[in-house]
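Hi there,

Here is the structure I promised to pass on to you. Have a look around first, and then read my notes below.

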Amino acid sequence: MIAEASEEMENAAVENLDFFRRIIYGIDDLGEAVIRNILNRLPAKSFASAACVSRSWNTICNSILSSPKLSSAVSFNPSLEKALNEVVEKVLMEPIRPHFVLASIGPCFILQAALRRIEGIFGSKIPIIINVAEGVIGRDVRTDKFVEVQWALLAAKKKYSWSTDTQPTATCGMILTVGFLPGLKVHLVPLFQSQGPQSLLVDKFVMDIREVASAFSHSSSPAGIMLFADRKTNILPVLQKTEYAFPKDTFIVGDGGSELIFRISETTTVPADSTFAAVALLFTRDINKPLGIGEIQFHVMLSTGVTAVGPVYKVLSVEEHETSTCFTATRETIPEPFEGEAILHDILDEVGEDIMFAAKATYIGVTKSRSCSVGTEKAKLMQFHEFHKFEPVGDEALPPVRSVGINSGDPFRFYISDKDPALSTTDNIYYMLMDLKEDFNNRIKKHEKAEVFGGIVFCCGGRGGNYLGSSDYACFPFVDNFPGVTFAGTHTSAEIARGCFGYLYGGQSDQENNFDIHCNLHPYGALYLVMSYHCPIPER
């Protein structure tokens, strides 16, 4: 199948090349400005052929490709082949030289089949990551309108014959996003997992990232990392290490857990008896960036969606299982330890059953002091605030949380999903983007060319539907400020975004110096990665 697709593309390119050579002599008389306008409107395949017609056309094409581009499309066709054809046709309607490909598919499609078909179109040398997210956010190829769709919600609507209000009614579909970032190098770095305790090979992961960054830039730290974790991977210890290893100007964003597949380089060494636990898409500043290429900047913004309730507790004893933790706890004003379901009854008494049971999700936020290092480097004591999903089921100890890594002595509070912070922080992002747009408009007045060329969002699945009062609330901050600019994303189980706990959550902690506490995995959040391009200032 891949060979047939490649042969078809090659034949098409030859036919296009012959066509362009027949008309080149007449078009050249139109002048460079008109030719540029024509070439800029060609689909990607025809554009690639046009670049081979003549030296002058190649120069113009390279000039067109000196600006970054993000292109994305959504299809809800129930056929994987047809859905992929629809999004590829839309994505490649304009010239683009793919640096990376991201795809999210519905649960009715098969990851391996999607990877084979996408590789057949874009080749195996381009970084490709495909996952099964909880939903997609983007522009529908058929209606040309922005949609936010959750697969689980659609399945429920179909099962119970609920009204869909013109939304798609199947769990089939996909979103395809292709990026071209001149001045940057893009690579995949996998995180491996071996058998036995301490199975995540996090030190190797960090050192591999540093090695790749050093090979292509002046620094061992990349400009940014887009991280995708397997749904079975506990990504929290990985985020602790990356927080230690990389400076604050390295952005780290991504999906905290989903089924995924990707293709690693043939030169990647896979440790014996290991599997893949996550993958990082690295963006490094190119040390050999050509002259005339500007600077790409990344802007990270997070909308939170939980509120702290009740008093502060402290973990007393811990019973850790493979993927969950049970524990007992104490409370400062009550000397007796809480055992069994006593702590559950205590928080219900403090907050009220109506509030706790009305929340769509409950978490405990644990403040942790941990010693961090990589390899033989000097260890550093760091503080983290990490959220763990709370499971309200009976047990001999506190009902378990859905992860490990909690120690005796760790303070914690309960958190519940809350629309109020979700709405207010989303509005804040809208105004932050408005300020960014105004800043760029002012730059243009000063003859400094700068523009936002794309945005990606990772949004909690629980915030979908009409939870926030609108079915497109994740889109509006970006789309209202930058209409016509590519915007795409997925619904996730948890959102990765490094940040300061005190700044993001208003200091909802028992710690006085909560602005020194790192918080990198967020429940019920929405993470926006906005990309802008600043053209080089011409020399006088």
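The chain has 14 helices and 22 strands. Please keep in mind that this is a predicted model. Of the 540 residues in the chain, 54% count as buried. Among the contacts with a separation of 6 or more, 78% are between residues 24 or more positions apart.

**Two helices side by side**

Two packed helices are described by the angle between their axes and the distance between the axes. The crossing of α5 with α6 is right-handed.

Which residues in α5 and α6 meet? From α5 there are Leu80, Glu81, Leu84 and Val88, and from α6 there are Ala113, Ala114, Arg117, Ile118, Ile121 and Phe122. Eight residues of this contact are nonpolar, two are charged and none is polar.

Arg117, located in helix α6, is worth a click. Its relative accessibility is 26%, so Arg117 counts as partly exposed. Arg117 and Asn85 are 32 residues apart in sequence, and their C-alpha atoms are 9.7 Å apart in space.

**Aromatic rings**

Next, colour the rings. The count comes to 24 aromatic pairs. One of them joins Phe228 and Phe458, an edge-to-face pair with 6.0 Å from centre to centre and 65 degrees between the planes. This pair links distant parts of the chain, as Phe228 is in strand β8 (residues 224-230) and Phe458 is in strand β18 (residues 450-460), 230 residues apart. Phe228 and Phe458 are both buried.

Why is the pair of Tyr313 and Phe338 called edge-to-face? The ring centres of Tyr313 and Phe338 are 5.9 Å apart and the planes stand at 80 degrees, and planes over 60 degrees apart count as edge-to-face. Tyr313 lies in strand β12 (residues 306-320) and Phe338 in strand β14 (residues 334-338), so the pair ties together parts that are 25 residues apart in sequence. Tyr313 is buried, with a relative accessible area of 1%, and Phe338 also counts as buried, at 9% relative accessibility. Tyr313 and Phe338 belong to a cluster linked by ring pairs, together with Phe327, Phe390, Phe412 and Phe414.

**Salt bridges**

Now for the charges. Side chains of opposite charge can pair when their charged atoms come close. A search of the whole structure turns up 18 salt bridges.

One of these is between Asp410 and Arg370, with 2.8 Å from N to O. Asp410 lies in the loop between β16 (380-389) and β17 (411-417), and Arg370 in strand β15 (residues 362-372), so the pair ties together parts that are 40 residues apart in sequence. Are the two residues buried or exposed? Asp410 and Arg370 are both buried.

Another salt bridge joins Asp208 and Lys204, with the closest N and O atoms 3.2 Å apart. Asp208 and Lys204 are four residues apart in helix α8 (residues 202-216), so about one helical turn separates them. Asp208 counts as buried at 18% relative accessibility, whereas Lys204 counts as partly exposed at 28%.

Arg139 forms a salt bridge with Asp144, and here the closest N and O atoms are 3.9 Å apart. Arg139 is partly exposed, at 26% relative accessibility, and Asp144 is partly exposed too, at 39%. Salt bridges with shared partners join Lys90, Arg139 and Asp144 into one network.

**Two backbone angles to look at**

Most residues other than glycine have a negative phi. Where does Asp144 lie? Asp144 is in the loop between β4 (135-139) and β5 (146-150), and it has a positive phi of about 60 degrees although it is not a glycine.

Tyr524 also has a positive phi, near 55 degrees, and is a residue other than glycine. Tyr524 lies in the loop between β21 (517-522) and β22 (526-534). At 5% relative accessibility, Tyr524 counts as buried.

Enjoy exploring, and write back with any questions!

Best wishes

Notes. Residues are numbered from 1 along each chain as its sequence is written. This is a predicted model: local features need pLDDT of at least 70, side-chain atom pairs count only at pLDDT 80 or more; totals for chains, interfaces and linings use all residues. Side-chain values use heavy atoms; hydrogens and water are left out. A crossing is left-handed if the near helix is turned anticlockwise from the far one by less than a right angle, and right-handed if clockwise. Helices (H or I, at least four residues) and strands (E, at least two) are DSSP runs, numbered from the N terminus. Contact means heavy atoms within 4.5 Å. Ala, Val, Leu, Ile, Met, Phe, Trp, Tyr, Cys and Pro count as nonpolar, Asp, Glu, Lys and Arg as charged, and the others, Gly among them, as polar. Rings of Phe, Tyr and Trp (its six-membered ring) pair if their centres lie within 6.5 Å; planes under 30 degrees apart count as stacked, over 60 as edge-to-face and the rest as tilted. Buried means under 20% relative accessible area, exposed over 50%, partly exposed in between (1.4 Å probe, protein chains only). A salt bridge is a side-chain nitrogen of Lys or Arg within 4 Å of a carboxyl oxygen of Asp or Glu.
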